Amino acid sequence: MSDDEPVRDAGFDDWLDALGDGDPYFLECEHGHGSLPPRRVCPEPGCDSTDLEKRSLPETGRIESVTVVSVATPAFEADAPFALAVADFGPVSLTGQVRGIESEDAEIGTTVSLELATPGSETVDRAVAFRPR
Amino acid sequence: MSEVRVAGVGLTPFGNSPERTGRDLFAEATIAAFEDASVPREDIEEVLYGNFMGEIAEHQGHQGPLMADAAGVDAPATRYEAACASSATAVRDAVARIRSGQADVLLVGGAERMSNLGTGGATEALAIAADDLWEVRAGMTFPAAYALMAEAYFETYGGDSEDLAHVAVKNHANAVENDYAQYQREITVEDVLEAPRVATPLGLYDSCPISDGASALVLVSESYADRKGLDASVAITGSGQGGDRMALQDRETMARTPAASEASEKAYDDAGIGPEEVGVAEVHDCFTIAEVLAIEAIGLASEGEGIAAAREGRTTVEGEVPVNLSGGLKAKGHPVGATGVSQLAELTKLLRGDHPHGDRVEDADVGVAHNAGGTVASAVVHVLEVVA
């Protein structure tokens, strides 16, 4: 590997690949607790499971909270202002930009699907995003 | 178990001094602390130092020995990092060492140089306290994280931007007479509401500034204080820490901060008191909503009632329990690694009576400090009491 080549984050980048392929997943332990990779031990207190299996993520989630970000980190400056939300997909929740809607129109309770977005950025070439359904 | 006494406190003024190095800031705070303590530097057995973004802001790791050196102290030194709660975690360790008899005299403090990074650089540096993969790479910033908590709070309990504005107005008013504060000026509710938004519902005046500064404490055992005849009337009687999932998205709710509840329960239990005995508090108001979440978590307001506390005057200088008489992070400033210890320095002066607001809390003999890291994945609470 050359020094110029970006190094992947195993687990996380694999998950983004899967999202790009339209097949996002979560990890489930034998007791039904959900989590996200990279992960070896179920994070549910007292669960202790190390038997985590990939399962398909539900197609839609619900916005639990949302904000319109005006002052962004340099990697996302070109996108600002943008709506950033935490959406609950059942077994796991995710953080991402809300696309395809005026940013101030994104609301708590809105049903969204997941997509892989390309932010206007030099350092982040892809990111988790939501689209209202 | 040996009681831990605060022999001396020292602060730099917090503010915008981009050219000053971290070591220079920390040296100034320690000079003040040693003067206040009347303890010779040669008696210091260890230095416990909090700092968050030293690698980014100053390209400087291994800051413990550097800072001991700057303070003129020849002793082992360790840096503590827990985001914005860094120096409070250093205090926790110092308390444990003195109580166990491992040490009698410790220098504890923190420093942060931030403004040299500029707004974008500091925003990026602060963001590393969040989960890089699942939050920062999705566009999260710290104001955005607290904005998400604010919206979740409004959805669960009600409240609005105007309620939050009263927190900022109160803390700015408190800072007017504090010469160590970054903003010694009053603001109005209208100023807060009309300021540009950073991340809705939070605007510029809902947010703490980017600050440079340092803080220091000389902590001693009760026996050392007695032996040396020190005037050290304030003791750290309770210390507690709580933790939570790192990423906001992994929490059960964004409308509460259970790590801070856990920290306060442990600290109150440690001190053998309850929240009803607290007479004055310094809490981690990096954003206005953070003060609301803090006072609910540490039992100074019931769940859902914290949002109205500033507006109703319950936490103002005239209120039942004044909160952030220093000006808080909001107006005093927030050099992150210095903040936890600075809260204890301010509280010590309030309880001793040599703070500009000392007369306002003359009857208070119990103070509590709440210091939070990240989106409160780390929380540290300390109880201070007048014991002599």
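Visitor: To start, how many helices and strands are there in chain A?
Guide: This is a predicted model, so keep that in mind as we go. From the N terminus on, the elements of chain A run α-β-β-β-β-β-β-β-β. That comes to one helix and eight strands.

Visitor: What percentage of the residues in chain A is buried?
Guide: The C-alpha trace of chain A spans about 45 × 40 × 25 Å along its principal axes. Among its contacts between residues at least 6 apart in sequence, 50% join residues at least 24 apart. Of the 133 residues in chain A, the buried ones make up 38%.

Visitor: How is chain A divided, and what separates the centres of domain 1 and domain 2 of chain A?
Guide: The domain assignment of chain A gives domain 1 as 7-57 and domain 2 as 58-133. Taken over C-alpha atoms, the distance between the centres of these two domains of chain A is 20 Å.

Visitor: Which element gives the largest share of the side of domain 1 of chain A that touches domain 2 of chain A?
Guide: The contact takes ten residues from domain 1 of chain A and seven residues from domain 2 of chain A. On the domain 1 side, the elements giving two or more residues are α1 (12-20), β1 (25-28) and β2 (34-35) of chain A. By class, that side has six nonpolar, three polar and one charged residues. Its largest share, three residues, comes from α1(A).

Visitor: Is A:S103 buried or exposed?
Guide: Look in the loop between β6 (93-98) and β7 (111-117) of chain A, where A:S103 lies. Not counting residues up to four places away in sequence, A:S103 touches A:V68, A:P81, A:F82, A:A83 and A:V98. A residue counts as buried if 20 or more other C-beta atoms lie within 10 Å of its own. A:S103 has 20 such atoms within 10 Å, so it is buried.

Visitor: How far apart in space are A:S103 and A:S35?
Guide: In sequence, A:S103 and A:S35 are 68 residues apart. In space, going C-alpha to C-alpha, A:S103 and A:S35 are apart by 28 Å.

Visitor: Over to chain B: what is its radius of gyration?
Guide: The secondary structure of chain B comes to 13 helices and eleven strands. For 388 residues the globule rule gives 21 Å, and the value for chain B is close to that, so chain B is as compact as a globular protein of that length. Its radius of gyration is 19 Å.

Visitor: And what percentage of chain B is buried?
Guide: The C-alpha trace of chain B spans about 55 × 45 × 40 Å along its principal axes. Among contacts in chain B between residues at least 6 apart in sequence, 77% join residues at least 24 apart. Of the 388 residues in chain B, buried residues make up 66%.

Visitor: Which annotation covers residues 7-223 of chain B?
Guide: Over residues 7-223, chain B is 43% helix and 17% strand. The end C-alpha atoms of that stretch are 12 Å apart. The unreviewed UniProt entry annotates these residues of chain B as "domain: Thiolase N-terminal".

Visitor: Which element gives the most to the side of chain B that touches chain A?
Guide: In all, 30 residues of chain B are in contact with 29 residues of chain A. On the chain B side, α5 (118-127), α6 (142-157) and β5 (197-199) of chain B give two or more residues. The residues of that side divide into 16 nonpolar, six polar and eight charged. With seven residues, the element giving the most is α6(B).

Visitor: Which residues touch the most other members of the largest nonpolar core?
Guide: This core has 183 residues, and α6(B) gives the most to it, with eleven residues. Domain 1 (7-57) and domain 2 (58-133) of chain A both give residues to this core, so it lies between them. The residues touching the most other members are B:Y146, B:L217 and B:L219.

Visitor: Why is helix α3 of chain B largely enclosed by the rest of the structure?
Guide: In α3(B), the buried residues are B:Q63, B:G64, B:L66, B:M67, B:A68 and B:A70. They pack against α1 (22-37), β2 (46-50), α2 (54-58) and β3 (77-80) of chain B. The helix is largely enclosed because the buried residues in α3 (residues 63-70) of chain B number six of the eight.

Notes:
Residues numbered from 1 in each chain as written. Chains lettered and ligands numbered in written order. Predicted model: local features only at pLDDT ≥ 70, side-chain atom pairs only at ≥ 80, totals over all residues. UniProt positions renumbered as here; feature names shortened; annotations may be inferred. Helix = DSSP H or I, 4+ residues; strand = E, 2+ residues; numbered from the N terminus. Contact = placed C-beta atoms within 7 Å. Nonpolar A, V, L, I, M, F, W, Y, C, P; charged D, E, K, R; others polar. Domains from an automatic or database assignment. Buried ≥ 20, exposed ≤ 12 C-beta atoms within 10 Å, placed from the backbone. Rg over C-alpha atoms; globule rule 2.2 N^0.38 Å. Core = buried A, V, L, I, M, F, W, Y, C linked by C-beta atoms within 7 Å.
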